[in-house]
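Subject: Structure for you to look at, with notes

Dear colleague,

I am passing on the structure we spoke about, and below it you will find my notes on what turned up when I went through it. Please read them with the structure open beside you.

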Amino acid sequence: MHITSLPSQYGVGDLGDEAYRFVDSISDNGISLWQILPTGPTGFGDSPYAARSAFAGNELFISPKALYLAGWLEVEDVLQKAPPSERVDYGEARKMKMPLLFKAATNFLSSASEEEMASFKAFRKEEGWWLESYALFQALCAKYNDSRWFLTWPKELRIREEKAIKKAEKEQKTLMDIYCVLQYFFYTQWDKLKKYANEKGVEIVGDIPIFVASDSVDAWTNTELLQFDENCVQTASAGVPPDAFSATGQLWGNPLYDWDRMEKDGYAWWIKRIKASFRLSDVIRIDHFRGFEAYWRVPQGEETAINGEWIKGPGQKFFDRVKKELGPSLPIIAEDLGVITEEVEALRDDNGLPGMKILQFAFGFNENGDFDTTNEYLIHNIGEVSVAYTGTHDNNTTVGWYRSLDDRTKDIVRRYFECSDEEVLWKMIRALLMSNAMWVIIPMQDILGLGEEARMNVPSTCGTSNWSWKMRAEDITSPSFGGIKYYSSLYGRSGS
């Protein structure tokens, strides 16, 4: 469950009281892992997988109440409420929250104590290698009303001429200072919540999108590490070929890495990225893991991902470097869904990384038309070095998924779990918790028993329904958690 899905009077979930209440609830019910989506600041479409920075935090996650308690806002500020809505309305949330956050940052800059200012300056100095560029990027996005730096910004800024950058930094100093303070607020609040969760026995499972967004500060400041030409024009895009999610594949549009260039400095950018992710999370899921073995390269200008080709990635050389820098055994989950080859499986297994097993993918038929009992996602085939899910943020909810099945597949599901239609969801959850998988992670929507209306994302689509599901306040203490607690205890998955 992502941060945005927490209930909030400000229109979008944040790091305030409800996050702590959620930690209390899952901890009390013997749940020790909370998986979230990427935490970066989002742009158009608000996909957390297309953030404006791989290192910055989403300013919308900052809790206004916490800023009030710290003395940076007035009581009337935090009494504001966003218009009621069943799903997150990012436009309304920004309209309400950003002025409050800017006010708090301005107040901090004008009236922080010596000790507070010293703490901020230390943060800014330590994180300056990414923070200063991010603050300038956001300031320029505001100036040109567009984050597509490669299309609309002046050429001297697109290609980052030193004189132009220094001039922009001088002109945008006030706004840059504000964005640096906002990142200080984010990291301060995040560190506090993570410490609280860890003390309650809850670890945070974070998420690294393998690629960066085109309209991100990462692309703008690292064109030499990406597949751009000398004029900072992207030459190819990332995606995946046709699969279970889309008949035309998925054309993500992200720039691709120049892995040969990255190898020359020991994959330094990636090492920094992984280190930064482990500051935010205890465990990391790397999205599209297979891209390290081979990635789908789609020439620029294609309208779908069909006409792409597989290109070899860095493979084991990359992970050898990661282990040299960060240690031989890292808590990383390999998202190994989609078109997976023996080479991808070997890269995963050789590095001791658990893959993902999605129970919704388990019920298919073989070439003879019979139920395929060898499917790797079936409960009886799930191995210990894996993380098992009913579904992910890209799947329908399990209730929605089951309702969408044809009669024959429904019959197979019912017979596999020996249950009625109404019992399918919890029979699936119970079976996963009984499985050999090292970890089991259940989407919050499935714990609540919600249907397709609560789906988080439909891949290859854009719309206000994506990334916008949110909980009701009473869901945080839902009696359904009791079922997770009971089965987790019964099968030795918790100390409860």
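A salt bridge, as the term is used here, is a side-chain nitrogen of Lys or Arg within 4 Å of a carboxyl oxygen of Asp or Glu. Please keep in mind throughout that this is a predicted model.

**Salt bridges**

By that criterion, the side chains of D411 and R414 form a salt bridge, with 3.8 Å from N to O. Both residues belong to helix 17, which spans residues 407-417, and they are three residues apart, about one turn of the helix. D411 is also joined to R415 by a salt bridge, here with an N to O distance of 3.0 Å; because R415 and D411 are four residues apart in helix 17, about one helical turn separates them.

D421 is partly exposed at 38% relative accessibility, whereas R415 is exposed, with a relative accessible area of 53%.

Across the whole structure the search finds 29 salt bridges. Elsewhere in the chain, R124, E132, K173 and D177 are linked in a salt-bridge network.

**Strands**

Strand 2, residues 203-208, is mostly covered, with five of its six residues buried. Strand 2 pairs in the parallel sense with strand 1, residues 33-35, over three bridges, and in this pairing L33 stands opposite E203. Strand 2 also pairs with strand 5, residues 283-286, again in the parallel sense but over four bridges; there the bridge partner of V205 is V283.

A separate topic is the open sheet that three strands form in the order 9-10-11, with parallel pairing. Its edge strands are strand 9 (355-358) and strand 11 (439-441), each of which pairs on one side only. On average, neighbouring strands of this sheet are turned by 25° against each other, direction ignored. Strand 10, residues 386-389, is joined to strand 11 in the parallel sense over three bridges, and V387 stands opposite W439 of strand 11.

Which residues of helix 15 are buried? In this helix, which runs over residues 342-350, they are V344, L347 and R348. Because these residues cover an arc of only 95° around the axis, they lie on the same side of helix 15. The face turned away from that buried side carries the exposed residues E342 and D350. Just after helix 15 comes G352, with a positive phi of about 65°.

**The nonpolar core**

The largest nonpolar core has 158 residues, and those with the most contacts inside it are F22, W34, F185, W270, F292 and F363. The largest share of this core, 14 residues, is contributed by helix 10, which covers residues 173-199. For W270, leaving aside its neighbours within four places in sequence, the contacts are I208, I210, Y257, W259, M262, F292 and F318.

Is Y267 buried or exposed? Y267 counts as buried, because its relative accessibility is 4% and the cut-off for buried is under 20%.

With best regards

Technical notes. Residues are numbered from 1 along each chain as its sequence is written. This is a predicted model: local features need pLDDT of at least 70, side-chain atom pairs count only at pLDDT 80 or more; totals for chains, interfaces and linings use all residues. Side-chain values use heavy atoms; hydrogens and water are left out. Buried means under 20% relative accessible area, exposed over 50%, partly exposed in between (1.4 Å probe, protein chains only). Helices (H or I, at least four residues) and strands (E, at least two) are DSSP runs, numbered from the N terminus. Two strands pair if DSSP finds at least two bridges between them. Axes are lines fitted to C-alpha atoms, for helices over the stretch in contact, and angles run from 0 to 180 degrees between N-to-C directions. The arc is that of the directions from the helix axis to the C-beta atoms. A nonpolar core is a set of buried Ala, Val, Leu, Ile, Met, Phe, Trp, Tyr and Cys residues joined through side-chain atoms within 4.5 Å. Contact means heavy atoms within 4.5 Å.
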